[in-house]
Amino acid sequence: LIKTSSVLFTSFGFMVVIPSLVTYNKEASKTQLRNMIVVGSTIPLVCYLLWLFAVVGNLPPHELVQYSNVTELISVLGQQYNGLEFILSMFTGLALLTSFLGVAMALYDQNADLLKTSKPVVFVTTFILPLLGAVFAPEHFLAILSYAGIILVFLAVFVPLSMTMKVRRVPVEDNSVYEAGGGVMGMSMIFLFGCFLLFAQAV
């Protein structure tokens, strides 16, 4: 679990989508945006737990380690249970599609802000370059995902943490400004969590 924590963090690291979510929902209130994030996070969590229950709950541990990819796992389950292969294949496809849409939306907006160029160039950097990597180096996907986890630790943990610490040093007279709870203890826990992810990648 420790070795795969960076991959799991990258897979569930939806924080990069929040700026795009706010941009596409300009008229939404803070409460509505918070509900979007909470509900949008709960649905994949429930689906993921159901996936684990359906797969891990129906195969013994010594059989699980024999399969190198999800396709083999789905095929074996489909042989044991009629109709399950189609359901799991649909679930896996939708999981990949929705992940792609969310990350692509965030990456497109990020590249547009960074490059400040025409839409075709942004489109190529967002979609074509990752597509070439997936086509010519598919066996390195998990390794790349692990390295992406390191980048995401700084992008989604340390950078927001440092920004929050800097902002909270400035006194604010307006009481209507939203501030997440937790204080110093919460920020310390976040820092330790980021360090744990970096340590997990180095192990």
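Guide: Happy to; we can go through the helices, then a loop, then the surface.

Visitor: Thanks! What should I know before starting?

Guide: This is a predicted model, where local features need pLDDT of at least 70 and side-chain atom pairs count only at pLDDT 80 or more, while totals for chains, interfaces and linings use all residues. Residues are numbered from 1 along each chain as its sequence is written, and side-chain values use heavy atoms, with hydrogens and water left out.

Visitor: How many helices and strands does the protein have?

Guide: It has nine helices and zero strands. These are DSSP runs numbered from the N terminus (helices are H or I with at least four residues, strands are E with at least two).

Visitor: And how much of the protein is buried?

Guide: Of its 203 residues, 20% count as buried. Buried means under 20% relative accessible area, exposed means over 50%, and partly exposed is in between, using a 1.4 Å probe and protein chains only.

Visitor: How do α5 and α6 cross?

Guide: The axes of helix α5 (residues 70–80) and α6 come within 7 Å and cross at roughly 155°. That makes α5 roughly antiparallel to α6. Axes are lines fitted to C-alpha atoms, for helices over the stretch in contact, and angles run from 0 to 180 degrees between N-to-C directions. Angles under 35 degrees count as roughly parallel, over 145 as roughly antiparallel, 65 to 115 as roughly perpendicular, and the rest as oblique.

Visitor: At what angle do α6 and α7 pack, then?

Guide: Helix α6 (residues 84–115) packs against α7 at about 135°, with the axes 9 Å apart. So α6 is oblique to α7.

Visitor: Where is Lys116?

Guide: Lys116 sits in the loop between α6 and α7. Its phi is positive, about 50°, although Lys116 is not a glycine.

Visitor: Why does that stand out?

Guide: Because most residues other than glycine have a negative phi.

Visitor: Is Lys116 buried or exposed?

Guide: Lys116 counts as exposed, at 69% relative accessibility.

Visitor: Switching topic, where is Ser99?

Guide: Ser99 is in helix α6 and counts as partly exposed, at 42% relative accessibility. Ser99 and Phe14 are 85 residues apart in sequence, and 9.1 Å apart in space from C-alpha to C-alpha.

Visitor: Last one: which helix holds Val135?

Guide: Val135 is in helix α7 (residues 119–136). Val135 is exposed, with a relative accessible area of 52%.
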